[in-house]
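Biologist: Could you walk me through one spot in this protein, step by step? I am new to reading structures.

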Amino acid sequence: MKTELIIRSNSSDIDFALLRDGRLIELNKETSDNKFAVGDIFLAKIGKVLTGLNAAFVNVGYPKDGFLHYHDLGPQVQSLNSFIKKVSIGNYKDFTLKNFRAEKDINKDGSIHDVLKSGQNLLVQIVKEPISTKGPRISSELSIAGRYLVLVPFSNRVSVSQKIADPKEKERLKKLAKSIKPKGFGLILRTVAQHKKVAELDKDLQNSLERWEKMCNSIANQNTPTKILSELNRASSILRDVMNDSFTSIVTNDETLMVEIKEYLQEIYPEKENIVKLHQNDTPIFEKYGIERQIKTSFGKTVSMSKGAYLVIEHTEALHVIDVNSGNRSNKALNQEETALEVNLISATEVARQLQLRDMGGIIVVDFIDMKSTENRQKLYQHLKDAMSLDRTKHKILPPSKFGLIQITRQRVRPELAIKTREPNPNKNAEVEAPIVLIDKIAVELERLINSDKNYKNITLNVHPFIAAYLTKGPISIRLKWFLEHKKWIKILPRDAYQYLQYKFFFKKNA
């Protein structure tokens, strides 16, 4: 497996494209005006405390107050309150918590009115960015994420990522964590900590402790609301979370960013520093690596796949619905059940990619093609779980229902990535799919046509003149690529009478 990170920088924002074996699997954007990123810590002021909701609204500087529920306070919130009071007046300088006297944990079924008062200051962390008309979701159970571990102030808990399956490795990591854990802090071992030595874990821990002390130093005499600790920039946070041996290249068009990434890699993965390159080609960086094309074909309502199958993705206020369609395909070698299984497995792989690519969250319902075999339904379920195993976002998948539906919940922490893939229609005052999407549809139908009957000959494609020119331009045209793939020459006939999206295949059969 080959992983590449392509970073496009311009004056206002930075786009990050993560490719796995050439396929776009994750697309992120860091905007210069995003002041409320997941992981940021604020010194905030409590607003209204609502006993009925057992929650409080908190002023973090966003037009809409952040929402803090009692269950997001964390058991040690009283210790946090006591610590803030002492640090705010500048009389408490021991940020290591070695000599800090912890308060009693709050009751898990208690009332927020007994813990928070309107007007008091509190350290809170963004756990969900502002979405739609809602303000950020926040928590006062603070955590500082490092490369291998997460530092949790005022806690004594040591835990290991559930994604590490080996019980012996889990136990080894727990013992190492306990041997280096500072008093007053808890530790959570991340998945990438697997098989790491204690020296590597301790170095990461010291970096997180330095960030904690730097944050505490900035609390005294601060006005509220104020951001006192920022999450790493998007490039560093992506590398921190996903960097591994499969990375073969990191390419950016920004020289300053390239230097920053190299410096960060020297800290977390020095052996990979040499894979960072500066893009100096005249071709735009996303065009060079085929990312623009993949964006256009992956973010529409309809997503085409191999074998003529396609997905239809609908979004409602309550949930996402994904419908799996086999298309007008036929394969004489397979019966109906085998065809359904084949299409469903292809679709499961694409569904997993789409969830990560669009960063879809909340409830997702996937309507797969119905299968009678219990064994096949289990195969589909396991395949989907395997396909989503690389997704870093917390999620849960339920087994297929009798109607062929699979329900997925996926944590939503930032707005879903929505990219417009429709363009003005030259024929009338309306919008149509981008040309590249139409080309992919034509290619899928051509493949289906050829696979359905090998006796087709003299295939002619009638299309709008603009599309005809696009298909035949250049020495290595799309039509030539079709010929090399299918060993059939497709005659392309421009039709002035056709509308922009209109096309039709004509063919003859061998006698």
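This is a predicted model: local features need pLDDT of at least 70, side-chain atom pairs count only at pLDDT 80 or more; totals for chains, interfaces and linings use all residues.

Modeller: Residues are numbered from 1 along each chain as its sequence is written, and side-chain values use heavy atoms, with hydrogens and water left out.

Biologist: Is Arg410 buried or exposed?

Modeller: Buried means under 20% relative accessible area, exposed over 50%, and partly exposed in between (1.4 Å probe, protein chains only). Arg410 has 4% relative accessibility, so the residue counts as buried.

Biologist: With which side chain does the side chain of Arg410 make a polar contact at 3.0 Å?

Modeller: A polar contact is a pair of N or O atoms within 3.5 Å; within protein, one must be able to donate a hydrogen and the other to accept it, and residues adjacent in sequence count only if both atoms are side-chain atoms. The Arg410 side chain has such a contact with the side chain of Thr393, at 3.2 Å. The partner at 3.0 Å is the side chain of Asp359.

Biologist: Which strand holds Arg410?

Modeller: Strands are DSSP runs (E, at least two residues), numbered from the N terminus. The run covering residues 405-410 includes Arg410, and its name is β21.

Biologist: In which sense do β20 and β21 pair?

Modeller: Two strands pair if DSSP finds at least two bridges between them. β20 and β21 have 3 bridges, and their sense is antiparallel.

How values were computed: Helices (H or I, at least four residues) and strands (E, at least two) are DSSP runs, numbered from the N terminus.
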